[in-house]
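Have a look at the picture, then read on.

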Amino acid sequence: MIVLSRALLASTNTGQIYASAALLVLSLVPALFVLPMSVALLLALVLAARFVLRNSSAHRLALLVLVSLLWVASVEFSEVRWLSGDTLLAAFILALGLKWQESHSPQELQFITVACLLLQACSSLYLEGLAAFLYLLLGGFGGIYLLWIVTLNQSSFSFKGLALSSKMFAAALPLLVVLFISVPRIQGPLWDVGIVMGLPLHMMVDKSQREKGAKVQLRSGNVARAKKADDPVLVANFEGAVPSKSLLYWRGPIYEQFDGENWQLNPAWNSRSQLLKNAFKQRADLDRALRVKGSKVSYEARLNGVGERWLYALDAPYGSSVESFISADFQLLHINKLQGEFNYQLSAYLDYKGGRELNAQQRERYLQLPKLSASNSGGDSNPKLRQWAKKLASTADDEQIVYEFGRALAASDLKIDEQQISINADYDGMFFSQKTAPIEQIAGMSAFTFRAAGLPARLVSGYRAGSLIALTNFVVVREQHRHAWVEVWVGNSGWQRFEAQDLLEGKAVQSKSKTDTATTAATTPKKSEKKLQKVAAKALDSTLKGTKSFAQKERRGERRWGWLQQLSQALQVWVVDYNPQRQVSLLKAAGFKKADWKTLLLLAVASIAAMLIIYTLVMNRRTQSRDLLSLQFYRLNKLLSKQNLDCAENECPSQWLKRLSVQQPDSFVLLEKMIKQYITLRYQGLEPVQQHAGVLEFKRDISRLKGMM
Amino acid sequence: MKATASKIKSRSTLTGLGYCFCAVAFAVFLLAVNHSNNLLFSYSFLLFSILLVNLYFSRANMRGLTGRCVSVKHAFVGDQYSYLLALKAQQKPVLQVSFESAKHAIDVGCEDSSVYHYPFTATTRGKITAKTLIAQSYWPLGLFKATRYLAELPEVVIYPKAENLAPVPLKIKATDAQSLQQSTDLDTLRKYNQGDSLKRIHWPSFAKNEQLQVKEFGGDHGTPSNVLDYSRLTLLDEEQRLNCLSYWLVDKHRAGELIGLNLPHQSIAASHSEQHLHLCLESLSCMPKSAVVTTGAVS
């Protein structure tokens, strides 16, 4: 009897076509909101064509030509570059749409389904955090379900298919977790491998752009404009694991004077004799100057100089290198203005505080504020901030000032917007009303506020982070990593970094402890991540933002969506921010003495092997335990096989019985009873209760037989 | 036909779709590397995990499937023939089982044997040698093809196409009378050929010369039998002769007549039975030819 027969990959049904269209739409929805409208319109045209056009090659060709021409025209007349990621993604989407439009066979739908999985991955780049995570889960599940219905030629909706997809998903999750934890993270763009192999940096640099970057003034928009370029600035090869990218600050020019619009370098910035005179000449000088130092790293850097002295060493530099010196402001400077490539080896303390004691003249310089501003010619510039800072200074010490300002910044609605470039440094407007500014303006505003509160502060420009290169300890720093931050002189600690960006983006918060008050989040991410949430929540009802009703509303919202926030935070911490450093720390916590990517790789292989063994055991156990009657029959057969009386493969039990009557006449009566019992249980379709009782009796009889034999 | 334990082997191989799936998972991995995106890392790991789970599911599905060939009938060129298979799942139903070049997939239950017709179209005369029966399944996602050896399929003889290309010879010539059952008129003696009836051996001459000779009878009485002669069909080409002889053999057999066959290198004495008919047709199908013997699956 043929149980069930289905056409195998013969043709598709309408349900499958619609299901594949649904998956296609799901796969491109996040991207469609970002891509030009023309892409969405062209795709709608392609999808609609399936229901309008006849299924002929001439019509299909005409549609292909039409869509291609329209797309080429839309790219040509827009500002999008031909080889940009968005253009390539749009091409992929349209190609997939055209393929779907002409698809009729299951193989074609299978191909589209698999391609949709890739499209989902691309689209998820336009989402963040929990939304991206849920989107990928949903897309992956949809892909599996569609593959099942197309492969087995099922209708579009099937509980069986949903159950199987869920089962496969559940079975895949443990392996996914093991892979996620143990597979060494390969980070960084793959196209930087050429630089690592020794390709000269200048070959990839547009010098005209870089030379424009050497500035005496830091104007609003300088950093944002430089970020648009993708030229490599330096390549660093670390000894050992690369630290977290957010801890890497590549120190460049330091701006001291603020004229109300721009920040200026020290007038002696270009005087080699002055710089050399004040430089740290011996390591002991540096040791004395750095009052707090931790997280030491060593590295070798390759830099392409374009007429500057700054070698952009990692903050805070330590050690010495040929043809260069460490200035009093912790900058690594070349003795000459550098032209061409330059290599240096150096160490750095990523956590640091310190600096030479400020003399009166220096203190005055770092507290300088403009008397007049162009925007407010009638009085002091940015009076609100000054007033707020003075009030703060009257009630708090240095550390508390830094903490309170950080808290206010974290609680504010201020956002970093690189496009928001204002000519005037209207910090009042930016902080209290405008709420958006580029990073150098926010850093400038922070330095201004500290100075207004009586704390010496300065603006440091350079680069932050970099691109890790896959499977190496190389970091490539590009123009896009340009950054500006603040250094503030706190009490007896000396200069310490204040990172406004992390506070605004909610990545960190400052600790309130008096001993470590002004340590920025960037330098202590482990401590700060959890504290951020508390501070941010407390700060919501602060004077900058809160009213009573607002706070009540927020609390209600927190209660309702608290679990979602917690889930999102957990995802951020354990998935999104899971990096090589965390992998290494997990390894160390697990007791591994040597924690590098090779150990991780070995661990990954071992974990995968262990998982495979577990899967094998689980699969075998399940199939064996499914049918008790078959198991008992197997027992009986095994018992009789010792006397060559077992049932042959594919031998009908009744035939077996006949054979036994000849081969084993002595015990035939007993065997006949048992085999007939088996035939009844197997083929007569008894009620479940009777069946169960019968199987148990069969089992007892086998045990008796075993005893007899 | 029992499949020995040593031959029961399962294999799983990636299909074209499976390779595509791997490529996509790897592409997502590269995307994750390029963007240093942990969510994409987890997505690529999810795809790899699903691939692996699919492998386990497909292997587990095929485990416990047993089968044997119950019967197969020999066929004429142009006809369909099918192996009748008895399939059984030992512990749980085996889903979406099919066979190479078969168009349909079946679910095999474990309650009783499922009978499945494994059909082919006979395209060329000759013998289809014994071959292995390998079941396959693309369940659940089509990423892997799980195969399992089940049994040996028996040899099948494809007879020449039965075509009525010339009239059936009705007259029995004198030399054909040797196959008459009740004829008593001894005509002559000739050398014994393999296949001659032992009843017609002339024992006196054997005793005298120690050479086996058989008696040939003359006359046209008794139950007539037919010795169909390949060499007489001079107007037809080789294949047509075989087709014609094939037709005559079937026709005469249906009519209940005794039939014999004279081929260039073989003579078959006249007889009447299913086995004899098969012997004659098999001789025809195995006549040397230039074309290669092949069969094509039902399309």
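Which residues in α1(B) are buried? They are B:Leu17, B:Gly18, B:Phe21, B:Cys22, B:Val24, B:Ala25, B:Val28, B:Phe29, B:Leu31, B:Ala32, B:Val33 and B:Asn34. Buried here means under 20% relative accessible area, exposed means over 50%, and partly exposed is in between (1.4 Å probe, protein chains only).

## Ground rules

This is a predicted model, where local features need pLDDT of at least 70, side-chain atom pairs count only at pLDDT 80 or more, and totals for chains, interfaces and linings use all residues. Residues are numbered from 1 along each chain as its sequence is written, chains are lettered from A and ligands numbered from 1 in the order in which they are written, and side-chain values use heavy atoms, with hydrogens and water left out.

## Helix α1 of chain B

Back to that helix. α1 of chain B covers residues 16-35, which is 20 residues, and spans 29 Å from its first C-alpha to its last, close to the 28 Å expected at 1.5 Å a residue. (The expected span is 1.5 Å times one less than the number of residues.) Helices (H or I, at least four residues) and strands (E, at least two) are DSSP runs, numbered from the N terminus.

What covers its buried residues? The cover includes α5 (106-124) and α6 (129-151) of chain A, together with β1 (10-14) and α2 (38-62) of chain B. Just after the helix, B:Ser36 has a positive phi of about 45 degrees.

## Chain B as a whole

Chain B has 5 helices and 17 strands. Of its 299 residues, 50% are buried. Take the contacts (heavy atoms within 4.5 Å) in chain B between residues at least 6 apart in sequence: 65% of them join residues at least 24 apart.

## Where the two chains meet

In chain B, 64 residues are in contact with 69 residues of chain A. Together the chains bury about 6000 Å², 69% of it on carbon and sulfur atoms. That area is the accessible area (1.4 Å probe) that two parts lose on being put together, summed over both.

On the side of chain B that touches chain A, α1, α2, β2 (65-72), β5 (94-99), β6 (104-108) and β7 (114-121) each supply at least two residues. The most come from α2(B), with 17 residues. That side divides into 36 nonpolar, 19 polar and 9 charged residues. Here Ala, Val, Leu, Ile, Met, Phe, Trp, Tyr, Cys and Pro count as nonpolar, Asp, Glu, Lys and Arg as charged, and the others, Gly among them, as polar.

## Salt bridges

How many salt bridges does the structure hold over all chains? There are 24, but 0 across the interface of chain B and chain A. A salt bridge is a side-chain nitrogen of Lys or Arg within 4 Å of a carboxyl oxygen of Asp or Glu.

One of them joins B:Glu239 and B:Arg125, with the closest N and O atoms 2.8 Å apart. This pair links distant parts of the chain, 114 residues apart: B:Glu239 is in helix α4 (residues 238-254), and B:Arg125 in the loop between β7 and β8 (126-128). B:Glu239 counts as partly exposed because its relative accessible area is 33%, while B:Arg125 is buried, at 3%.

In chain A, the side chains of A:Arg365 and A:Glu256 meet in a salt bridge (2.7 Å, N to O).
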